[in-house]
Amino acid sequence: MMISRTSSTGGPSHHVPVMLREVLDTLALRGGNVYVDGTFGGGGHSKAILDSCQCNLLAIDRDIKSIEIGKELKEKFPKRIKFYNQSFSEIPDILDQNLNKKVDGVLLDLGISSLQLDNPKRGFSFQKDGPLDMRMANKGITASDVVNKLKEENLAIVIRDFGEERHSKIVAKKICEHRKNKKIESTYQLSEIIEKSIGWSYRKQKGKYIHPSTRTFQAIRILINQELEEIISVLPNIARYINTEGRVVIITFHSIEDRIVKNIFDDLTGQNMGVSRYYPERSNIDEKLFMYPNKKFLKPTNSEILENPRSRSAKLRCIERTKAIFRENLDIYSTNKYDKILSELR
């Protein structure tokens, strides 16, 4: 098994909230305000937010494993936190049914939580042997379904589009050749197939490089959890739920989701002047729903990366709500192409 010079999923086995100080500072927390942690995970960010000031928090996570952690925080902050076992794309539905129709800040940490990554039974990591699962919500199609049933052509598209793997066709071909003789059932099995097929390419790279399985595992995980659809479905219309001067803070971990967030943020702030493929053309670019408090994204400090290597690819972006009136536009970016691919597995 090939070992990367810098571990792709290394770091502590316990939950460590990424860029915690930057998150608290950027949210500009105030007592009495209401905030949303849309990716509760291990609860690190939520706990710090509640500890920082006398605010109220709506905590959301689709992973059933987060429920127990949510209950623990509920015991400590009985009147200040509500937990919802739902996807963050359902934030509008949750707020529509809540007394707080608008909030003063939304946090989305788009990385995989330690609860998921460190549990071999969840199948997220190629560094731990376990079943090919990768489901965040413990329902729906699994990674095993993808690698054992998807047509070779579509598997290559997924690995290329969601993993940005330039050798996607080789990987898809080798996976399909292997499954003809034996079903691919474990993370180690899949990783070994990938490593044997394209490991040579990664060993040729100078300096630091990632494990050859990293991009393919990422691609499969994004597909089955519909991670990009989650972002696209909630961000373009989030303005109606944010109070003036409220902030949306998002931490991304790979270039695909970061490009989507950046493009939507640029459109919401009027930076793109309606040219983004992720958001429709605006009729009046002077009606900016958001502004950038700081246009430059933030990255973790060197000391944090040393303590928590999983934070090294993180980028934090933030926008702040203006007084502009929200006008709904449903003509947003579509991912129908991948819905068609997924239909093979249903």
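**Close-up 1. Asp 51 and Lys 47 pair up through their side chains in this predicted model.** The two meet in a salt bridge, with N and O 2.8 Å apart. Both residues sit in helix H2, which covers residues 44–52. They are four residues apart there, so about one helical turn separates them. As for solvent, Asp 51 is partly exposed, at 41% relative accessible area. Lys 47 also counts as partly exposed, with a relative accessibility of 34%.

**Close-up 2. Lys 76 joins Lys 47 and Asp 51 in a network.**

**Close-up 3. A salt bridge connects Asp 63 with Arg 122.** Here the closest N and O atoms are 2.9 Å apart. Asp 63 belongs to the loop between strand S2 (56–60) and helix H3 (66–76), while Arg 122 is in the loop between helix H5 (114–117) and helix H6 (143–149), so this contact ties together parts that are 59 residues apart in sequence. Is this pair buried or exposed? Asp 63 and Arg 122 are both buried.

**Close-up 4. Glu 320 and Arg 247 link two strands with a salt bridge.** Their side chains meet at 2.9 Å, N to O. Glu 320 comes from strand S7 (residues 315–321) and Arg 247 from strand S5 (residues 242–252), so the pair ties together parts that are 73 residues apart in sequence. Glu 320 has a relative accessible area of 13%, so it falls under the 20% cut-off and is buried. Arg 247 is buried too, with a relative accessible area of 16%.

**Close-up 5. One cavity of 30 Å³ or more turns up in the structure.** A quick reminder of the idea: rolling a probe the size of a water molecule over the atoms shows where empty space is left. The largest cavity holds about 40 Å³ of space. Which residues line the largest cavity? One stretch of names runs Tyr 292, Asn 294, Lys 295, Lys 296 and Phe 297, and the lining also includes Leu 316, Arg 317 and Cys 318. Sorted by class, that lining has four nonpolar residues, three charged ones and one polar one. Asn counts as polar, so Asn 294 is the polar residue in the lining. Leu 316, Arg 317 and Cys 318 fall within strand S7, the strand of Glu 320 from the previous close-up.

Definitions and conventions
Residues numbered from 1 in each chain as written. Predicted model: local features only at pLDDT ≥ 70, side-chain atom pairs only at ≥ 80, totals over all residues. Heavy atoms only, no water. 1 Å grid on protein atoms, 1.4 Å probe; cavity = no way out; pocket = protein on both sides within 12 Å on 5 of 7 lines; lining within 4 Å. Points joined across faces, edges and corners; volume = space filled by probe spheres on them. Salt bridge = Lys/Arg side-chain N within 4 Å of Asp/Glu carboxyl O. Buried < 20%, exposed > 50% of the residue type's maximum accessible area, 1.4 Å probe, protein only.
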